Amino acid sequence: MTVDIRVIRAGQMYRYHLRETVVGDGRRPARTPLRVAQEQAGVPVGRWMGRGLAVLGLTAGEEVTESQLRNLFGERGRHPYADRIEAERLAKGESAKKAFKAGALGRRVTVTGVDFVFRPQPTVYLLWAFGDEETRRVIEAAYEYAIERVLEWIEDEVAVIRYGKDGIYRVRPPGGLVAARFRHYEARSGGPCCMTICCCR
């Protein structure tokens with residue numbers, strides 16, 4: 001398996017993901033709701049994964065919504081439920097500034113995540129594409145297992161938060177990572193593959 005890695009920044013990079021990546025590298029029609037666009041593209045909805053989900057009130061396997069993506073990756077690091085948090089605070093009489101701040105996850109950041117693209121070797125995805133149903137199930141199970149193990153390894157050995165002048169201090173993410181996972185069934189070239197995108201924060 002190979003893993004391509006790319007930094008996600010708020011702004012253009014995030015908008016690219018929301019327009020294309022979440023619908024299987026297709027082109028999401030303007031003003032089309034995310035779930036409808038995914039159904040039209042023939043790809044499943046995104047799912048949350050990672051050890052850090054509980055800290056944010058999310059559950060592994062839960063559907064990734066457009067507002068959650070926007071808040072976490074597009075709004076420079078806000079809570080996935082920032083809209084709800086802000087509305088609740090406003091209803092309690094808090095100022096708009098305090099309510100907005102309550103939906104933040106620390107400081108606002110420019111780099112909002114890292115995009116990991118997991119791809120099996122060409123021979124494996126060709127076997128998946130042309131194999132029988134049992135062969136596909138075995139390959140998919142091994143593929144899912146590999147993605148979970150790689151994410152755990154990243155959480156345990158790789159991921160750090162840098163802070164202080166020039167990032168001299170480093171700590172492990174408290175509670176682990178949060179990943180929005182999207183399944184693709186074919187490569188941009190039109191060839192078969194079983195690729196998964198994990199956008200981690």
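Visitor: How do α6 and α7 sit in this one, and at what angle do they cross?
Guide: The axes of helix α6 (residues 122-130) and helix α7 (residues 133-158) come within 8 Å and cross at roughly 140°. Axes here are lines fitted to C-alpha atoms over the stretch in contact, with angles from 0 to 180 degrees between N-to-C directions. Helices are DSSP runs of H or I, at least four residues, and strands are E runs of at least two, numbered from the N terminus.

Visitor: What's the model, by the way?
Guide: It's a predicted model: local features need pLDDT of at least 70, side-chain atom pairs count only at pLDDT 80 or more, and totals for chains, interfaces and linings use all residues. Residues are numbered from 1 along each chain as its sequence is written, and side-chain values use heavy atoms, with hydrogens and water left out.

Visitor: Which residues make the α6 and α7 contact?
Guide: Val124, Leu127, Trp128 and Ala129 from α6, and Thr135, Arg136, Ile139 and Glu140 from α7. Contact means heavy atoms within 4.5 Å.

Visitor: OK, new topic. Which residues have the most contacts inside the largest nonpolar core?
Guide: Trp48, Leu69 and Ala180, in a core of 18 residues. Such a core is a set of buried (under 20% relative accessible area, 1.4 Å probe, protein chains only) Ala, Val, Leu, Ile, Met, Phe, Trp, Tyr and Cys residues joined through side-chain atoms within 4.5 Å.

Visitor: Which element gives the most to this core?
Guide: α3, with 3 residues.

Visitor: And what does Leu69 touch?
Guide: Leaving out residues up to four places away in sequence, Leu69 touches Tyr14, Leu18, Val22, Leu34, Val64, Gly74, Ala180 and Phe182. There's also a second, separate core of 10 residues, including Met49, Phe116, Ile147 and Ala159.

Notes: Buried means under 20% relative accessible area, exposed over 50%, partly exposed in between (1.4 Å probe, protein chains only).
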